[in-house]
Amino acid sequence: MKLCIFFLSLLLVSTALKQDVPPRLRLFLLIGQSNMAGRGTPEVPDQQPDNRIWMLTKEQSWVPARDPMHFDKPAVIGVGPGFAFAKRLTEAFPNENIGLIPCAVGGSDIDVWVPSAYYEPTKSYPYDDALRRARVALAQGNLAGILWHQGESDSNPEKAPEYGQKLVALIQRLRQDLNAPAVPVVVGTLGDFIVKRNKDAVTINKALQAIPGQVANTYCIVSAGLTDKGDSTHFDTPSARTLGRRYAEVFIQKKLLPNP
């Protein structure tokens, strides 16, 4: 009898601690490099979970989302655009549950976002890992969008001229490999502070802004007016949140979330 009571108590405790994931999520794949992963300093609002926003952990389990949510470089991860993006969507669509799939890798250039490419600094395979995690997440919902913020590492005379065609190929490959031929893809331009110190970033931004004219159901948001955290490379916390809301406005204004 005492043994039965003991196990019943354990069951009640585990049930109380368990977070039930909603039956279906609108899934968003967050990919790119450090400004998608986030390097802003977390503040109280960034760490308060919302019961309608979930994230896939490094261990591939679902937990209520909070910043930092990426895990590419644990010593420096911080606030990125993902959480603010999801919050804005739930404001606009109060009946939706959002699932975020963080897969960005700081410092990665677009050449490692191809199958089997290994990225030594994080000892990872950015494209393959993102694909694997997305497929795991799909058991919990449908892929509603892909967010891409990357290009700082390609802002040099050798790589910048080919960036546009590589990004087109990446979008097409992702859609094919995820069996999502028409999933919306939203890309973001590099910050003004990067363009100011690196003229090759202008070439990257032009390529990013040209994507909607080259690939169907793709969109580009601009990072104009946003500020860095003092390193001329990474968005500060308020700017990372603003960037996330700009991504969300595309889905709201273009009506990219059809009724389930």
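Where is the place of lysine 123? I found lysine 123 in the loop between strand 4 and helix 4. For the elements I used DSSP runs numbered from the N terminus, with helices being H or I of at least four residues and strands being E of at least two.

**Ground rules**

I am working with a predicted model, where local features need pLDDT of at least 70 and side-chain atom pairs count only at pLDDT 80 or more, while totals for chains, interfaces and linings use all residues. I number residues from 1 along each chain as its sequence is written, and my side-chain values use heavy atoms, with hydrogens and water left out.

**Entry 1**

I looked up phi for lysine 123 and got a positive value near 50°, in a residue other than glycine. Lysine 123 is exposed, at a relative accessible area of 58%. My cut-offs are under 20% relative accessible area for buried, over 50% for exposed and partly exposed in between, with a 1.4 Å probe and protein chains only.

I then checked serine 116, which is not a glycine and yet has a positive phi of about 70°. Serine 116 sits in the loop between strand 4 and helix 4, and its relative accessible area of 57% makes it exposed.

I also noted a cis peptide bond between aspartate 67 and proline 68, with omega about -5°. Proline 68 belongs to the loop between strand 3 (62–64) and helix 3.

**Entry 2: salt bridges**

How many salt bridges does the structure hold? I have twelve on my list, counting a side-chain nitrogen of Lys or Arg within 4 Å of a carboxyl oxygen of Asp or Glu.

I opened the pair of arginine 26 and glutamate 96, whose closest N and O atoms are 3.0 Å apart. I find both arginine 26 and glutamate 96 buried.

Next I took arginine 241 with aspartate 46, where the closest N and O atoms of the salt bridge are 2.9 Å apart. This pair links distant parts of the chain, 195 residues apart: arginine 241 is in helix 8 (residues 237–253), and aspartate 46 is in the loop between helix 2 (34–37) and strand 2 (53–56). Arginine 241 and aspartate 46 are buried.

I looked at arginine 88 with glutamate 249 as well, and their closest N and O atoms are 2.6 Å apart in a salt bridge. Here arginine 88 of helix 3 is linked to glutamate 249 of helix 8, 161 residues away. Glutamate 249 is partly exposed, at 23% relative accessible area. I also found Glu43, Asp46 and Arg241 joined into one network by salt bridges that share partners.

**Entry 3: helix packing**

Which residues of helix 3 are buried? I listed Gly82, Phe83, Ala84, Phe85, Ala86, Leu89 and Thr90. These buried residues pack against strand 1, strand 2, strand 4, strand 5 (141–149) and helix 8, where I take contact as heavy atoms within 4.5 Å.

I turned to helix 4 (residues 126–137) and helix 5 (residues 163–177), which pack at an angle of about 35° with axes 11 Å apart. The axes are lines fitted to C-alpha atoms, for helices over the stretch in contact, and angles run from 0 to 180 degrees between N-to-C directions. On the helix 4 side, Tyr127, Leu131 and Arg135 meet Leu170, Arg173, Leu174 and Asp177 of helix 5.

**Entry 4: cysteines and helix 7**

I searched the whole structure for disulfides and found zero, using cysteine sulfur atoms within 2.5 Å as the test. Cysteine 103 is buried at 9% relative accessible area, whereas cysteine 220 is partly exposed at 23%.

I placed alanine 210 in helix 7 (residues 200–210); at 33% relative accessibility, alanine 210 is partly exposed. From alanine 210 to cysteine 220 I get ten residues in sequence and 8.3 Å in space, C-alpha to C-alpha.

Leucine 208 is also in helix 7, and it is buried at 0% relative accessibility. Leaving aside neighbours within four places in sequence, I see leucine 208 in contact with residues including Trp148, Tyr163, Leu167, Val187 and Cys220. Glutamine 60 is 148 residues from leucine 208 in sequence and 30 Å away in space, C-alpha to C-alpha.
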